[in-house]
Amino acid sequence: MPACVLFRFALLLLLLGKRALAEIRYSTPEEVKDGTVVGNLAKDLGLDVGSLVDRRFRVVSESKEAFFEVNRQNGVLYVNKGIDRDDSCQGGGACLFELKVIVENPLEIHYVMIEITDVNDHAPVFIEKEQKFEIAEHTLPGKRFKLHAAHDPDAGMNSIRAYTLTSNEHFEVDVRQSDEEKIPFLVLKKSLDREQKAKHSLRVTALDGGKPPRSGTLNVSVVVLDINDNRPTFSQDIYQITIAENIPIGTSIFQMNGTDPDEGVNGEIEYSLAKALKKSVYAVFEMERLTGIVRIKGHVDYEEDDIFKLDIEASDRGTPAMTGECRVIIKIRDMNDHVPEIEVTSLSNTVAEDSKPGTVISLISVKDRDSGVNGKMISTITNDVPFELKPSYKENIFSVVTKEYLDREEVSQYEIEIKASDCGEPPLSNVKSLNIQISDVNDNSPHFEKNPLEFYLTENNAAGSSIFSISASDKDINDNAAISYRIVGERRLNDIASFLNINPETGEVTALKSFDFEALKSFQFQVSATDGGSPPLSGNVTVKVFILDRNDNAPVILYPLSSNGSARGAEEIPRNAKAGDSVTKVRAYDADTGYNGWLLFSLRPLGERALFSLDRYTGQIRTLRPFTETDEAEHRLLVLVKDNGDVSLSATATVTVKLAEPKEALAASDHAGSAAEADRREDRVTFYLALTLGSVSLLLVIAVVVLIAMRCSKPAEYTSKYLQDAHYDGTLCHSIQYRSGDKRYMLVGPRMSVASAGAPGSHAGTLVLPDARRAAAGEVRIINLLCLFFF
């Protein structure tokens with residue numbers, strides 16, 4: 001039948017806002033079968049049986065062996081291993097086992113005290129089965145002889161209660177109570193007569209108080225002698241001394257001094273320890289037979305035995321020998337020879353970084369086997385960590401709690417050093433390390449090192465290939481740092497982001513089309529990086545992409561006009577032309593810009609090359625010298641036009657120059673009329689020239705006013721959307737091409753330096769983003785028209 005609950009009490013003590021703790025006491029007999037129910041902890045503690053498994057309901061014992069276990073399904077406490085009270089709890093006091101009952105979520109700690117009641121499972125035992133006495137026949141009645149004491153490991157009523165002696169007319173047994181022990185004595189009640197009986201055989205029986213009682217026997221032989229009528233005596237029956245534990249082996253601690261009034265050998269005394277003492281006495285002490293000096297033989301440990309009781313026998317050398325006895329009580333004085341013991345009951349070695357201050361992470365029990373001031377302890381956390389010790393209602397029980405908020409990104413783990421020092425002199429201490437891991441919480445958003453991000457992409461990229469990669473970082477770890485990427489914003493048909501694809505895992509951006517610098521010089525879009533936390537956090541970045549020009553367009557000849565795939569033209573000049581006269585001008589344009597659109601002209605004459613020169617920048621062909629009668633009437637010039645790209649592209653034009661003979665057959669009479677006609681033509685030319693210059697000046701004024709009005713009407717941020725060419729070198733002109741509808745035109749504008757043509761970010765003047773492209777194009781047209789008129 002399971003043991004009943006003796007009593008239960010609860011202490012309403014608030015510890016850091018946790019549930020109140022309680023202590024329950026049960027009792028159970030020793031040596032019950034494994035599985036015997038001790039009590040229902042769940043019922044007595046008022047716990048929900050259905051939540052015991054989830055709350056990690058368990059018991060923790062301070063003993064090395066788990067004598068008790070709890071059933072998590074029903075909360076029943078049962079015996080896990082049979083308990084022998086006599087081995088576990090020596091002595092007659094209460095045998096108690098203390099268990100800690102721990103329940104988590106929320107944390108509850110209860111203390112259970114289990115008393116092991118004694119069962120009469122041992123019979124009294126005499127260490128020596130026989131005892132012999134030699135008693136002189138003239139010994140007077142009332143003489144007492146000490147008998148071997150029996151030992152019974154049981155306690156209380158089950159220990160030894162009485163001694164009996166077989167019926168006889170000379171002897172009786174008497175018991176003397178000494179502390180918790182009963183010491184039997186054989187008492188002579190009638191004088192002996194050796195001539196009638198020289199030897200007496202007796203039996204002493206020791207009985208315990210069990211029901212039914214158990215017993216043990218001792219055979220006693222009494223030999224009657226006829227000599228030596230005085231026994232050694234001591235000045236007192238009981239001596240008391242105190243020694244310190246850990247006293248060196250071989251140290252003399254006491255000397256016996258017995259006396260015997262007899263003379264000769266009958267008065268010579270020899271000392272010895274009684275034979276019926278505990279084994280520990282013989283292991284620790286020894287006695288010199290002749291001098292009576294008691295010495296230390298083995299290690300003295302206060303924690304094992306704090307007191308020893310030595311029964312000393314003094315025997316003379318008479319025939320028969322007579323013996324006197326006394327008791328020496330040796331008390332052991334505790335020394336500070338044990339360091340504190342720290343027991344860590346970790347609820348978890350991981351704590352979330354968002355835990356509130358006061359969160360319990362571990363339980364600490366501190367013990368010291370020393371007693372008194374040597375067993376008083378002070379426990380502290382020695383290193384600088386965001387944790388502290390909170391005492392429990394029970395002495396030397398502490399909780400390790402957080403004292404401030406944690407941040408895994410600053411410190412991912414802590415090693416808590418717990419030091420326990422006693423109050424002995426000198427003090428002893430012990431240090432225990434507790435390693436705590438800080439678990440991650442998704443409290444950091446993905447972060448881009450720069451915002452906005454700028455990338456340079458050469459035109460004519462392969463469609464479907466990777467153009468660049470975007471990467472964000474997250475201070476969190478694991479899923480909280482698993483970043484996925486996506487392009488955000490509306491996907492319209494004319495939105496450049498609709499031609500891009502981003503790998504959500506790697507951030508690698510792929511272009512779904514090939515970009516053309518001549519059609520698009522820059523664009524921007526936004527990318528969002530989202531982590532895998534719950535809830536997820538995200539960060540955005542603006543990505544600006546600048547298209548770099550490649551030399552992918554060959555020069556196109558505007559004049560002379562092309563026919564059947566070749567540019568050919570014919571010019572006539574009079575044979576009497578002077579040196580430096582203009583013959584014609586080859587015009588060309590290149591769709592590329594910057595250095596790739598900078599055109600150079602060179603002359604490849606098919607005949608005599610000393611007659612004509614070609615301006616390498618403008619394409620103007622002029623005569624080098626006057627013509628002679630021997631010069632041929634027709635000359636073919638091959639003009640090569642090439643750009644300045646890394647791999648130069650070129651085009652050619654063939655110009656045929658014919659020399660016309662002057663009109664020498666004109667009559668002299670017509671000379672005057674021709675001169676008058678020439679004067680009238682010159683007057684008309686002057687008039688038209690003045691009209692043209694006036695119109696150009698008016699157009700210039702109107703263009704300047706329009707430019708100022710457009711500039712003033714733009715928002716402040718408009719001008720910031722232009723990419724200014726920082727490489728303008730101050731030279732006068734270079735060729736610039738632009739489109740208007742289906743036609744292309746070549747104009748003359750400021751020349752860039754050679755270094756600017758290939759430099760990243762160089763976009764041949766002013767680059768306009770899509771939102772200002774139309775207005776900027778108008779400005780470019782006006783500027784080009786001005787350059788056309790003035791240069």
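# Close-up views of the predicted model

**View A. Asn 478 is placed in the loop between strand 34 and strand 35 (484-488).** Strands are DSSP runs of E with at least two residues and helices are DSSP runs of H or I with at least four, both numbered from the N terminus. This is a predicted model, in which local features need pLDDT of at least 70 and side-chain atom pairs count only at pLDDT 80 or more, while totals for chains, interfaces and linings use all residues. Residues are numbered from 1 along each chain as its sequence is written, and side-chain values use heavy atoms, with hydrogens and water left out. The phi angle of Asn 478 is positive, near 55 degrees, in a residue other than glycine. Asn 478 is exposed, its relative accessible area being 65% (buried means under 20%, exposed over 50% and partly exposed in between, with a 1.4 Å probe and protein chains only).

**View B. Asn 460 has a positive phi of about 65 degrees, although it is not a glycine.** The residue lies in the loop between strand 33 and strand 34 (466-469). With a relative accessible area of 32%, Asn 460 is partly exposed.

View C. Pro 426 belongs to the loop between strand 31 (413-422) and strand 32 (429-439). Pro 452 is found in the loop between strand 32 and strand 33 (453-458).

**View D. Asp 311 is a buried residue of strand 23 (residues 307-316).** Its relative accessible area is 9%. The side chain of Asp 311 makes a polar contact of 2.8 Å with the side chain of Lys 146, and a polar contact of 2.8 Å also joins the side chains of Asp 311 and Arg 327. A polar contact is a pair of N or O atoms within 3.5 Å; within protein, one must be able to donate a hydrogen and the other to accept it, and residues adjacent in sequence count only if both atoms are side-chain atoms. Leaving aside residues up to four places away in sequence, Asp 311 touches Lys 146, Ser 272, Leu 273, Ala 274, Leu 277, Cys 326 and Arg 327 (contact means heavy atoms within 4.5 Å).

**View E. Leu 698, Leu 699, Ile 702 and Val 706 make a nonpolar surface patch of about 350 Å².** Patch residues have over 30% relative accessible area and no salt bridge; like charges are joined within 9 Å and nonpolar side chains (Val, Leu, Ile, Met, Phe, Trp, Tyr) within 5 Å. A salt bridge is a side-chain nitrogen of Lys or Arg within 4 Å of a carboxyl oxygen of Asp or Glu. Areas come from the Shrake-Rupley method with a 1.4 Å probe; for residues, only the protein chains shown count as cover. Leu 698 is found in helix 4 (residues 669-713) and is exposed, with a relative accessible area of 54%.

**View F. Over residues 664-676, pLDDT stays under 50.** This stretch has 0 contacts beyond four places in sequence in the model. Residues 787-791 also have a pLDDT below 50, but 8 contacts beyond near neighbours in sequence. The chain averages a pLDDT of 79, and 81% of the residues score at least 70 (pLDDT is the predictor's confidence in each residue, from 0 to 100).
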